[in-house]
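Please look over the sequence and the structure shown here before reading on, and keep both in view while following the text.

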Amino acid sequence: MTTELYGTENPRAHIIYPKIARPEELMAKLKIAAFYLGVVVFWLIVASIYRGFGRSWIIPAVSVMWIAGAVTAFVARNDEENTTRETRWVILGFLGFLLIYRSILPFIVPLSSAQMAAALDINIPAVSGAAIAGMLQSVLLLASVLTPVGFLIWCGQKIRQFHGRRSRQAVFERVKGVKRAMRGDDQ
Amino acid sequence: MTISEILQSALVFHVNAFYGLIFFFQANFFLLLGLPAAVYLAWAEIRAKSVLSADDKRRVT
């Protein structure tokens, strides 16, 4: 039957492990590379939109996230693919939040205290306009600081979990060694 | 436009581009650390994807 299908050649070469990547496999790899390129370009765009804040905080913070993801993927090899995928999605989400926040602010900020008071049907003092500006600044600082910090914590627990699993394996090996020694076949 | 003029303008253009890159990375120093990490992550994910191809070292032959 294999002779009918594949002639006199070794059929395994056709069925399993081809020398050249299949088109869909190649396309999947190209998509991953394009995704990373897109995230990096998006990173530079968002950082340039935020001007001084982008240069002094967004670029270092996202750099630290890339480095933490790379170190975690390198150290915890058993979960490499998930780590890489989650790193790029977290960074994309972080940058997306920053862009959306920057985009919707011009629609919210021009509302005066009187308009807000009318909208909410409560008494709002006129000085609360300045408080809103401070709150927007605080929201930006909190979100842009806590997201990278949370990601670092996530990477840390992943590495720690990996080492925990390794030490558990070491304990199993030791117990097996003790059992072998008790049986007397530890040569 | 003579060949020497073309070479001259190409040289000036490339030196300008080179200094532009230097100034860019001087202003955004952390990119020099973040970009290699991003490239490593892309490479690691692509390598993890290629389970079925011939260059995968983890396959059982």
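This is a predicted model: local features need pLDDT of at least 70, side-chain atom pairs count only at pLDDT 80 or more; totals for chains, interfaces and linings use all residues.

Residues are numbered from 1 along each chain as its sequence is written, while chains are lettered from A and ligands numbered from 1 in the order in which they are written.

Where the chains meet, 27 residues of chain A are in contact with 22 residues of chain B, two residues being in contact if their C-beta atoms, placed from the backbone, lie within 7 Å. On the side of chain A that touches chain B, at least two residues each come from α3 (23-49), α4 (51-75) and α5 (80-108) of chain A, and α4(A) gives the largest share, 10 residues. Helices here are DSSP runs (H or I, at least four residues), numbered from the N terminus. By class, this side of chain A has 15 nonpolar, four polar and eight charged residues, where Ala, Val, Leu, Ile, Met, Phe, Trp, Tyr, Cys and Pro count as nonpolar, Asp, Glu, Lys and Arg as charged, and the others, Gly among them, as polar.

The largest nonpolar core has 32 residues, of which I58(A), V62(A), W66(A) and L41(B) touch the most other members. Such a core is a set of buried Ala, Val, Leu, Ile, Met, Phe, Trp, Tyr and Cys residues joined through C-beta atoms within 7 Å; a residue is buried if 20 or more other C-beta atoms lie within 10 Å of its own, exposed if 12 or fewer, and partly exposed in between. Two or more residues of this core come from each of α3, α4, α5 and α7 of chain A and from α2 (31-49) of chain B, and the largest share, 10 residues, is again that of α4(A).

Within α4(A), the helix bends by about 30 degrees at I58(A), and a proline, P60(A), follows within four residues; the bend is the angle between axes fitted to the seven residues ending at a residue and the seven starting there. Beyond its neighbours within four places in sequence, I58(A) is in contact with V46(A), A47(A), Y50(A), F53(A), L98(A) and S144(A).

E173(A) lies in helix α7 of chain A and is exposed, because 10 other C-beta atoms lie within 10 Å. G184(A) is in the segment after α7 (128-183) of chain A and counts as exposed, because it has 7 C-beta neighbours inside 10 Å.
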